[in-house]
Amino acid sequence: MSEYEVRFHRSINEISAEAWRRLAVGAGPFLQHAFLSALEDSGSVGPGTGWAPNHITLWRRGEGQPAVVVPMYRKSHSWGEYVFDWAWADAWARFGLSYYPKFVTAVPFTPSTGPRILAAEDVVETAVPALLEAVRKTLNRVGGSSWHVLFPREAEAEQLQQAGLLRRHGSQFHWFNHDYQDFDDFLSRFNSRRRKNVRKERRGVEQAGIRCHRFTGEQIDEALWDRFYRYYLQTYAERGQQGYLSRRFFSLLGGLMPESVLLIMAEQHGEWVAGALYLRDEERLYGRYWGAEVEVPGLHFEACYYQGIEYCIEQGLLRFDAGAQGEHKLARGFEPVRTDSLHWIEDERFRDAIDRFCREEARYVDSYMEAARETLPYRQEPGGH
């Protein structure tokens with residue numbers, strides 16, 4: 001018999017915000033109760049979005065607060081996850097079966113590594129078997145195919161793998177602060193050609209009359225959010241898509257988590273023309289969304305990368321996670337890092353096939369990262385003198 005009682009919640013607001021905060025210390029901005037509640041309260045997840053909250057709490061018998069909280073969503077599609085499993089869904093369909101619903105433990109629309117099982121460190125090991133048992137019962141009850149834990153930390157990935165989940169590797173590009181004194185010190189580590197290219201990009205943006213301004217959460221009024229939201233929607237429209245997030249989400253985010261929000265707005269000839277939204281914690285900066293109403297060469301790199309790097313150096317932040325994909329980050333000093341996802345596949349036939357796929361893919365990811373490191377612009381090891 002498990003030492004835990006398992007409860008499911010159709011909204012994060014059914015879970016005590018104080019109990020969640022107690023377990024989410026050091027978890028970063030995206031696993032905070034405020035961030036997830038802003039997604040729900042703004043309608044960005046919930047009915048009609050394909051992201052149905054189904055959060056889990058584990059309670060030790062007789063205790064008045066949960067010992068473990070786990071964000072989880074019942075999914076009817078695979079959009080907004082950044083770990084791509086469309087081919088898996090197609091395989092189910094070819095056998096006349098449905099891949100959906102599936103369950104996902106992740107932060108919606110957020111491919112950033114962080115804890116996915118919020119608990120005291122000595123609790124996670126005993127909680128994982130109880131969690132898996134509860135998820136499997138739910139899969140069987142609703143006819144779900146699988147459970148996916150996206151972008152967990154290394155220790156969690158190992159614990160989930162030991163519990164029987166399949167481990168899948170991916171890669172991203174992050175910037176690391178190797179005790180740089182300023183942006184010029186950072187560039188001084190580049191080889192000459194790459195250093196000149198970065199300076200040329202920044203000079204071109206300046207010569208186009210662009211000036212970037214920083215706003216923290218409490219400085220962002222509704223007019224600024226309105227303008228930034230136009231840019232956000234424009235970015236998705238250019239790809240023939242619709243933005244995942246509602247306008248209200250950004251107001252809620254700024255109001256609930258002002259200390260975590262940084263907005264870079266680009267001005268040209270007295271008018272706002274572009275913006276980039278970041279979140280931060282005590283150690284890291286996270287680049288999230290961007291958009292522009294003008295086409296200026298290098299503006300994307302300035303607003304989304306160089307401004308973030310400067311901010312990290314000034315604030316003493318150790319790492320800059322600028323989001324998924326983007327090999328162009330390598331030439332601008334971002335280094336390849338590995339990411340993880342864990343997958344419980346209920347059907348043994350599919351589980352065996354996906355296991356082989358993940359193992360083969362991991363070898364490719366390792367080779368890709370090794371090749372990517374060879375293209376870095378540094379004339380010596382990052383951080384070297």
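Modeller: The side chain of Arg189 makes a polar contact with the side chain of Asp185, at 3.2 Å. A polar contact is a pair of N or O atoms within 3.5 Å; within protein, one must be able to donate a hydrogen and the other to accept it, and residues adjacent in sequence count only if both atoms are side-chain atoms. This is a predicted model, in which local features need pLDDT of at least 70 and side-chain atom pairs count only at pLDDT 80 or more, while totals for chains, interfaces and linings use all residues. Residues are numbered from 1 along each chain as its sequence is written, and side-chain values use heavy atoms, with hydrogens and water left out.

Colleague: Where does Arg189 lie? And is Arg189 buried or exposed?

Modeller: Arg189 lies in the loop between helix 6 (183-187) and helix 7 (192-207). Helices (H or I, at least four residues) and strands (E, at least two) are DSSP runs, numbered from the N terminus. Arg189 counts as buried because its relative accessibility is 4%; buried means under 20% relative accessible area, exposed over 50%, partly exposed in between (1.4 Å probe, protein chains only).

Colleague: Turning to Ser44, which residues is Ser44 in contact with, leaving aside its neighbours within four places in sequence?

Modeller: Those residues are Leu39, Thr49, Phe109, Tyr244, Leu245, Ser246 and Phe249, where contact means heavy atoms within 4.5 Å. The C-alpha atoms of Ser44 and Leu245 are separated by 5.0 Å, although the two are 201 residues apart along the chain. The side chain of Ser44 also reaches the backbone nitrogen of Ser246, at 3.1 Å. Ser44 itself is in the loop between helix 2 (33-41) and strand 2 (51-53).

Colleague: Which residues touch the most other members of the largest nonpolar core?

Modeller: Of its 41 residues, they are Trp20, Phe35, Phe228, Phe250, Leu277 and Tyr289. Helix 8 gives the most to this core, with seven residues. A nonpolar core is a set of buried Ala, Val, Leu, Ile, Met, Phe, Trp, Tyr and Cys residues joined through side-chain atoms within 4.5 Å. Not counting residues up to four places away in sequence, Tyr289 touches several residues, among them Phe109, Phe228, Leu245 and Phe250. A second, separate core of 30 residues includes Trp175, Cys304, Leu330 and Ala372.

Colleague: How many cavities of 30 Å³ or more does a search of the whole structure find?

Modeller: The search finds two. On a 1 Å grid over the protein atoms alone, a cavity is a set of points where a 1.4 Å probe fits but cannot get out, and a pocket is an open set with protein on both sides within 12 Å along at least five of seven lines; lining residues have an atom within 4 Å of a point. Grid points are joined across faces, edges and corners, and a volume is the space filled by probe spheres set on the points. Phe35, Leu277 and Tyr289 are among the residues that line the second largest cavity.

Colleague: And how much space lies in the largest pocket?

Modeller: About 730 Å³. Of the 32 residues that line the largest pocket, the closest to its centre are Tyr82, Arg239, Arg288, Ala324 and Gln325. Strand 13 gives the most to this lining, with four residues.
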